[in-house]
Every structure is written in structure tokens, then in C-alpha cells.
Amino acid sequence: MTGPVIVGTDGSRAAAAAVEWAAGDAARRGLPLRVVHAVDRLPYEIARYPIPVEDQLDRAGRRILEEAEQAVRETHPAVRVTPALIEGDPSRVLRQEAANAAEIVIGSRGHGGFAGMLLGSVGMHVAGQVDVPVVVVRPGVSAPHGLVVVGVDGSAEADAALTYAYEQARLRECRLLALYAWQLPVHSFAPEIAYDLDEVRTAQEDYVADALRTHRERNPGVPAETRAVCAHPVTALVEAGEKADLLVVGSRGRGAVGAAVLGSVSRAVLHHAHCPVAVVRVPRPSAEDV
Ligand SMILES: Nc1ncnc2c1ncn2[C@@H]1O[C@H](COP(=O)(O)OP(=O)(O)OP(=O)(O)O)[C@@H](O)[C@H]1O
Ligand SMILES: [Mg+2]
């Protein structure tokens, strides 16, 4: 059974954009929407804090949820929306919510942070850490481009990202672009190694076309294009994202190091992309499965 779309809100401008994105996605998928506000009492739990803030925090939280619900009812009246006021650290609350969710949607920023910060702590601590896709939304809407971009690198996570990207392209009735950015890392150190660049390019293009084959067969209605570019993946993906409605990446790629939950490309894309970014992870086997 597919769970609801979960969106976290702290009442900020980015969170409002996340609520709008989540409501649109819930509408397209025919799923209910659960709007979550985490009440974090920790900053106030110091012995000498002069006034009890419990009631104020709850009241403020309920108001934030009411505003979000109201916005959803106005823009997506068909979506079944339920509020949830939950006590705890926002990242932890949203990670727990993921256990019974179709996806988690959050804003790139919130009310905290510092001027110029591109990604808040919730994005850092939720993306790549849960089994369901995490979508990070920036404030400021742009006109739809009719394109979903997905980064591929041959890893299992990239394959999971392709599945999600195809589903999104199908639901949005738009095109899909699968992008593979490759580089020749040794060239500048060993210029005597001769490459036939055309040959390398053709091999890379074949590779990305191969990665797409089964997905194409499963989604004949989605127009898909593959592109292999000789560039850094972050540059290539962020640039492609400028003309996309959604950028999809795996949580980590082939170059994953040790226990890193979020690869360097996904992390940088979350910071720098202008459009919404979905981070997709391959579900890890649970303790019971092992
Ligand atoms: N208390 C909360 N309850 C539910 N969702 C939240 C809460 N706080 C933040 N979020 C979600 O996370 C998004 C990003 O906010 P985040 O808190 O990470 O950034 P910030 O406030 O700018 O910086 P900081 O990491 O310093 O708090 C918000 O747009 C919202 O979607
Ligand atoms: Mg915050």
C-alpha cells in the first residue's frame, strides 16, 4: 500500500513552496497529503527559562498547519489533507514519518539558518537517509518547462532515480532527459595517453542508452532523450536543471565512499539547483530482512 505524501512545514516561504509542490504531486498521484509540523522544545528546555512556552509553541504550530491546509484547499481542493503536530526535532520527526510515506517534501530553507545559506539542516539530515524519495523545493515559482532531468551513472541508486523520474514525467505528461556526465580524469596528468575522443564519446552515449533501455520499454508513452556530456556532473546537472521542472538524482553514486549517505554530487546539486530536486535511495534491507 502506498502511504501519503508527507510535507514538512515551519511556516517559512520555502516551506510554503514545498506545500504547494507536495499538494500538486498528491493531486497527480491521487494520494492523500499529510502536513507535518514538528514542535521542537529542546531550545526552551533550560532550567532558567522564565516563562512556560509549551502553549505558545503548540498554538504557533497549529496556526502554521492551518495556513498550510488552507493553501492546499484553495489550490488543490480535491486533495485530502490532514495536519499533524508532532513533538521532536524536525529532521528526526520527518525521518520517522518516512516509514509510512510515498515521499517526503521539504523546503530548501526554513526560518532558521543564516543569510546566504542554500540548504537547511533538515535537507541535510533527511535527504538520502530514508527509503522514500525526498524532494527539496526552493521558493520562487517558474513557468513549467515540460521536462524532468535525471542524473545517471550506472549505480543502483541511479536506476532507482530513473524509475522515479519516469513516474514523474508520466504523471506530468512531460519529457525526460537522462544525463550522464563523464570526465577523463587522468588526461591532464598523463597527456601521453592518447584518447580517441569520438570513440569515448560514442561508448559513453551507448552506456547511458543501455541504462535506459528497460525503463523506456516500461514507459512507452514518455518521450525520453539521453545525453552524455564531458563535464563535471554537478555543473551539468545544475545547468540542465535551469530548464527543468524537476531534477532527480540518486542518493549516492558509483564513487560512493564508505558510509556516506549522500554522495558529493547529490549534496552539491541540493545546494545549487534552481528547480526542485528529488533524492532517491535504494531501500536498505531492514533488520528483519537480513
Ligand atoms: N519544525 C518543522 N516542522 C516541520 N518541517 C520543518 C520544520 N522545520 C523545518 N522544516 C522543513 O525543512 C525545511 C528546511 O528548513 P530548515 O530548518 O532545514 O532550514 P533553516 O530553518 O533555514 O535552517 P536551520 O537548519 O538552521 O534550521 C523547511 O522549509 C520545512 O519544509
Ligand atoms: Mg529550521
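## Polar contacts of ligand 1

In this predicted model, an oxygen atom of ligand 1 lies 2.9 Å from a backbone N or O atom of Gly113. A polar backbone atom of Gly8 is 2.6 Å from an oxygen atom of the ligand, and a backbone N or O atom of Ala38 is 2.8 Å from a nitrogen atom of ligand 1. A polar contact here is a pair of N or O atoms within 3.5 Å.

Ligand 1 exposes 610 Å² when taken alone, and the protein buries 87% of that (Shrake-Rupley method, 1.4 Å probe).

## Shell around ligand 1

The ligand is surrounded by 20 residues, each with a heavy atom within 4 Å; the closest are Gly8, Arg109, Gly110, Gly112 and Ser121. Seven of the shell residues are nonpolar, eleven polar and two charged, with Gly counted as polar.

At least two shell residues come from each of β2 (33–39), β4 (103–107) and α4 (121–126). Strand β2 gives the most, three residues. Helices (H or I, at least four residues) and strands (E, at least two) are DSSP runs.

## Helices α1 and α5

The axes of α1 (residues 13–29) and α5 (residues 156–172) come within 10 Å and cross at roughly 80 degrees. The two helices are therefore roughly perpendicular (65 to 115 degrees), with axes fitted to C-alpha atoms over the stretch in contact.

Trp21, Asp25, Arg28 and Arg29 of α1 meet Tyr164, Glu167, Gln168, Leu171 and Arg172 of α5, contact meaning heavy atoms within 4.5 Å. These residues comprise three nonpolar, one polar and five charged.

## Basis

Residues are numbered from 1 along each chain as its sequence is written, while chains are lettered from A and ligands numbered from 1 in the order in which they are written. Local features need pLDDT of at least 70, side-chain atom pairs count only at pLDDT 80 or more, totals for chains, interfaces and linings use all residues, and side-chain values use heavy atoms, without hydrogens and water.

Methods: Axes are lines fitted to C-alpha atoms, for helices over the stretch in contact, and angles run from 0 to 180 degrees between N-to-C directions. Angles under 35 degrees count as roughly parallel, over 145 as roughly antiparallel, 65 to 115 as roughly perpendicular and the rest as oblique. A polar contact is a pair of N or O atoms within 3.5 Å; within protein, one must be able to donate a hydrogen and the other to accept it, and residues adjacent in sequence count only if both atoms are side-chain atoms.
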